[in-house]
Amino acid sequence: MTARAMWKGRVAFGDFEVPVKLYAAARDQRVRFRMLDAERRAPVSQKMVDPASGEPTDDVRRGLEVERGVYVLLTDEELASLEPEADRAIDVVTFVAPEAVDPARHERPYYLGPDGEPERYGALAEALEAEGKTAIVRWAMRKRRYVGALRAEAGVLRLSTLRRLGEVVSPSAIDAPEKKIDPKEAKLAGQLVEALEDDFDLSEYRQTYRDAVAELLQKKARGERIGRPKKTAPKEAPSDLEAALRESLAAAKKEKASA
Amino acid sequence: MPDDDADVRGFWSGTLTFGLVSIPVELFPGVRSERPSLRMLSAEGAPLRRAYFGEDDQELSSEDIVRGFEVDDGFIVVEDEELEALEPERSRDIHLRRFVPRADISPAWFRRAYLLAPAGESTRPYAVLARTMAETDRAGIATFVMRGKEYIVALFAEGGVLRAMTLRFEDELRSPADVGLESPPASDAKLAKAMRKAIAKATSDAIPEDALEDDRAEALRALAEDKRARGEGVVEAPDVEVTEEDDDEPADLVQLLKERLRSGKKNENDEQDDLEASTKSDLYERAKQLDISGRSSMSKDELIASIRKAQAA
């Protein structure tokens, strides 16, 4: 089944415009449960409760915390005045090398598909791919502003929303161990990395939990039960790093040879 | 490992296993939200609390609520313990099993960023691994279990530190064919050539951060400060349970907190120390789990006292 587009717009840079449709690339595969009233086995409803009265209320105001415990109430009109204008343009700010986009900034992946004039879409995909560049874009969608990275892969345009720079915790927040590195250990580690080098195939990794939940639901429908999990303890760093690396290397090589 | 940023706390410790080498590590969040969040308040400015109600409009406590999976003729009820029993075997190992060129990892797979800090006495194996990965420009692919869930993670070395990105599983991603792009459109060659020229001209070395600032966040803060200066719409509320709007962040940290609380229950002594060291919001979460009434107006000390009392009962 083909997924439906969630938004329509156009990629704009210089004098170029490419009409596009936006599709979510991620899908939620979790088993969905509803919250039920334990006694009646009926779905519960969610309401906002005023702590002063202890009663549910429909009179909900919005406030921004300006200081711990101090809020400023904002009216719907005031909030609406802050909404970005929806002009349907995905504006290209600049083009960068793909490495210039920090992995930590990626938030959600989307596909762009053509919305008429497919040859324009094809041209943009070809140009991005041939230049090996990622476009840094910004747009407004559903009352929010987004920043994104747009790239092409095998003729398909892919867009990821990006977090702002300030949302990324710098690696310098952690003290890097500034130990002198033993060249012998470094060499062995390099060999081990090489021995463990392989192609990456995402399909080799499976999430077994969801399948187990589905199975549980079937069992429950038939009135069966299941067992308990086990525990393990953390390990220590090796006292002889060189020996551990040598052994690992031998094991990895053996595994590769038998594969 | 302490640092100058109070927001950054390790929340998972385990062992990175690389061949037969074990490297004790601690996991830290690699991102934090900067978006100003709006709270839902009453007309008097009291933060509203989210609650669940049954058919007869009676408020339900957490014990009165069960999880149900909808089927044709009603619901299959599933207990928390039943789901916990299905969780992958608890493990403290991050199994680093292969190395791939960094460029082989598609950004579409990235889910969430973390930092991996060295832990324990010996940080030498960590330093050797980080340096080797940086020199070979390789990413490590590992799997691990955190709070009952399996994760695939890509490790990158940067500045002597290992960064980790959890990845989406294959079935959590649509293929181009799923969105009707199985055969991408043909290109207008002339237009593509013109676009290539324009791209080459408009390329920068780095992302121009200034041009990407979130003006809504700024405008929202400015609007609120403005009203505050005029004394308009200012309300004071005790530091209590708050309901965030626009909160589309995954509930990862909340889940973690819950796990920490749950595992904490198993050791009475740890628990005592834990309470004093907990933040107020941790304590609030725990009070909520224990269904302590009046928790929203309690101070930190009162929360601690009530939690102790509830657990002794």
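Reader: Are helix 2 of chain A and helix 3 of chain B parallel or oblique to each other?

Author: A word on the ground rules comes before that. This is a predicted model, where local features need pLDDT of at least 70, side-chain atom pairs count only at pLDDT 80 or more, and totals for chains, interfaces and linings use all residues. Residues are numbered from 1 along each chain as its sequence is written, chains are lettered from A and ligands numbered from 1 in the order in which they are written, and side-chain values use heavy atoms, with hydrogens and water left out.

Author: Now to your helices. Two packed helices are described by the angle between their axes and the distance between the axes. Helices (H or I, at least four residues) and strands (E, at least two) are DSSP runs, numbered from the N terminus. Axes are lines fitted to C-alpha atoms, for helices over the stretch in contact, and angles run from 0 to 180 degrees between N-to-C directions. Here, helix 2 (residues 118-131) of chain A packs against helix 3 (residues 189-201) of chain B at an angle of about 45°, and the axes are 8 Å apart. The two helices are therefore oblique to each other (under 35 degrees counts as roughly parallel, over 145 as roughly antiparallel, 65 to 115 as roughly perpendicular and the rest as oblique).

Reader: Which residues of helix 2 of chain A and helix 3 of chain B meet?

Author: Contact means heavy atoms within 4.5 Å. From helix 2 of chain A, the residues include Leu124(A), Ala127(A) and Leu128(A), and from helix 3 of chain B they include Leu191(B), Met195(B) and Ile199(B). By class, this contact of helix 2 of chain A with helix 3 of chain B has ten nonpolar, no polar and four charged residues (Ala, Val, Leu, Ile, Met, Phe, Trp, Tyr, Cys and Pro count as nonpolar, Asp, Glu, Lys and Arg as charged, and the others, Gly among them, as polar).

Reader: Let's turn to sheets. In what order do the four strands of the open sheet come?

Author: Strands of a sheet pair through backbone hydrogen bonds, either parallel or antiparallel. Two strands count as paired if DSSP finds at least two bridges between them. In this sheet the order is 4(A)-3(A)-6(B)-7(B), with antiparallel pairing. Strand 4 (42-43) of chain A and strand 7 (74-78) of chain B stand at the edges with a single partner strand each, so one side of each is left without a neighbour in the sheet. Where the chains meet, strand 3 (residues 34-37) of chain A and strand 6 (residues 65-71) of chain B are joined by four bridges in the antiparallel sense, and Met35(A) stands opposite Arg67(B). Helix 4 (residues 208-222) of chain A lies across strand 6 and strand 7 of chain B, at about 110° to strand 7 of chain B.

Reader: How many residues of strand 9 of chain A are buried?

Author: Buried means under 20% relative accessible area, exposed over 50%, and partly exposed in between (1.4 Å probe, protein chains only). Strand 9 (residues 89-96) of chain A is mostly covered, with six of its eight residues buried. Strand 9 runs parallel to strand 1 (residues 7-13) of chain A, with three bridges between them. Its pairing with strand 11 (residues 134-141) of chain A is antiparallel, over five bridges, and there Val92(A) faces Val137(A) as its opposite.

Reader: Which strands of chain A does strand 11 lead on to?

Author: Strand 11 and strand 12 of chain A pair in the antiparallel sense over seven bridges. In their hairpin, which has two residues between the strands, Arg142(A) takes a positive phi near 50°. Strand 12 (residues 144-153) of chain A has seven of its ten residues buried. Strand 12 also pairs antiparallel with strand 13 (residues 156-162) of chain A, over six bridges.

Reader: Is Leu173(B) buried or exposed?

Author: Leu173(B) is buried, with a relative accessible area of 11%. Leu173(B) sits in the loop between strand 12 (161-167) and helix 3 of chain B. Beyond residues up to four places away in sequence, Leu173(B) touches residues of both chains, among them Pro109(A), Leu202(A) and Trp109(B).
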